[in-house]
Amino acid sequence: MSNSDEPKVTPHIVKEEVSGQWVKLEKTTYVDSAGNTRTWETVKRTTRQTNTEADGVGIIALLKRTLHKDCVVMVKQFRPPLGSCTLEFPAGLIDEGETAEVAALRELKEETGYKGEVVGVTPVTCLDPGLSNCTTQIVLVNINGDDVENIHPTQQLEFVEVILLPLDEFQMKIDDLLQKEKIVVDAKVYIFAMGMAQAFFKPRELPVLKQ
Ligand SMILES: Nc1nc(=O)[nH]c2c1ncn2[C@H]1C[C@H](O)[C@@H](COP(=O)(O)OP(=O)(O)O)O1
């Protein structure tokens, strides 16, 4: 190699970002149960609103139509942190002044085009407490699919694909999708699917009846 081909600069890190527009990395100092002062590396969102405890909402939206099976409205989208597409419930951050219910109906409309009605909401729940203080409220929404507004829903986000999966085969249909394409399923979704299958769609399997 001639001198002119030699690299002029040794590669090195210029800056380690600890705070960005959307998230920050914090060294949290705390006292443990033995009285020792310790630290923990914590990821926090910068966007949490002052009067809300939860960062965002997840929406379990059930589409109910005459002569159709009830379907769960799902979204598939590319998620940069995973470098992959995911299968998730519609979701989003809570805006200033919004309740979880209002944020859920807004996000559902934006991401899927459907207009829904809130039928339940969870308390504030954590998502990955060993990593982040990030919290969510899951909002259960019914969609009247016979309503003229919901017959041809028009979503506002072209990079989000809406997928309808029948509730009575939810886990099986997710498994089919995972077999067909490289896609990561959100933990909340798969746990919901397993819970539905166990609670409602399997005959009571008492050990004594198995012999
Ligand atoms: N961690 C993030 N990094 C980003 O670069 N941008 C982010 C992050 N989190 C949210 N956002 C941006 C992307 C969207 O433009 C807005 C709103 O997202 P929202 O639709 O409310 O939430 P998701 O569906 O979970 O993306 O925030």
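How many bridges join strand β1 to strand β2? The count is nine. This is a predicted model, so take its features as computed ones.

Start with the two strands. β1 covers residues 23-31, and β2 covers residues 37-45. They run antiparallel. Follow two of the pairings across. Threonine 28 has tryptophan 40 as its bridge partner in β2. Tyrosine 30 is partnered in β2 by arginine 38. Now look at the turn of this hairpin. Five residues lie between the strands. Glycine 35 takes a positive phi there, near 90 degrees.

Two elements each give two or more residues to the shell around the ligand: β6 (91-93) and α1 (100-112). β6 provides the largest share, with three residues.

Which residues are around the ligand? They are Trp22, Arg45, Arg79, Ala91, Gly92, Leu93, Glu107 and Glu111. Sort this shell by class.

Take tryptophan 22 to begin. An N or O atom in the side chain of tryptophan 22 is 3.3 Å from a nitrogen atom of the ligand. Arginine 79 also uses its side chain: a polar atom there lies 3.1 Å from a ligand oxygen atom. Leucine 93 uses its backbone instead. One of the backbone N or O atoms of leucine 93 lies 2.7 Å from an oxygen atom of the ligand.

How much of the ligand does the protein cover? On its own, the ligand has 550 Å² of accessible area. The protein covers 54% of that area.

Definitions and conventions: Residues are numbered from 1 along each chain as its sequence is written. This is a predicted model: local features need pLDDT of at least 70, side-chain atom pairs count only at pLDDT 80 or more; totals for chains, interfaces and linings use all residues. Side-chain values use heavy atoms; hydrogens and water are left out. Two strands pair if DSSP finds at least two bridges between them. Helices (H or I, at least four residues) and strands (E, at least two) are DSSP runs, numbered from the N terminus. A residue is near a molecule or strand if one of its heavy atoms lies within 4 Å of it. A polar contact is a pair of N or O atoms within 3.5 Å; within protein, one must be able to donate a hydrogen and the other to accept it, and residues adjacent in sequence count only if both atoms are side-chain atoms. Accessible areas come from the Shrake-Rupley method with a 1.4 Å probe; for residues, only the protein chains shown count as cover.
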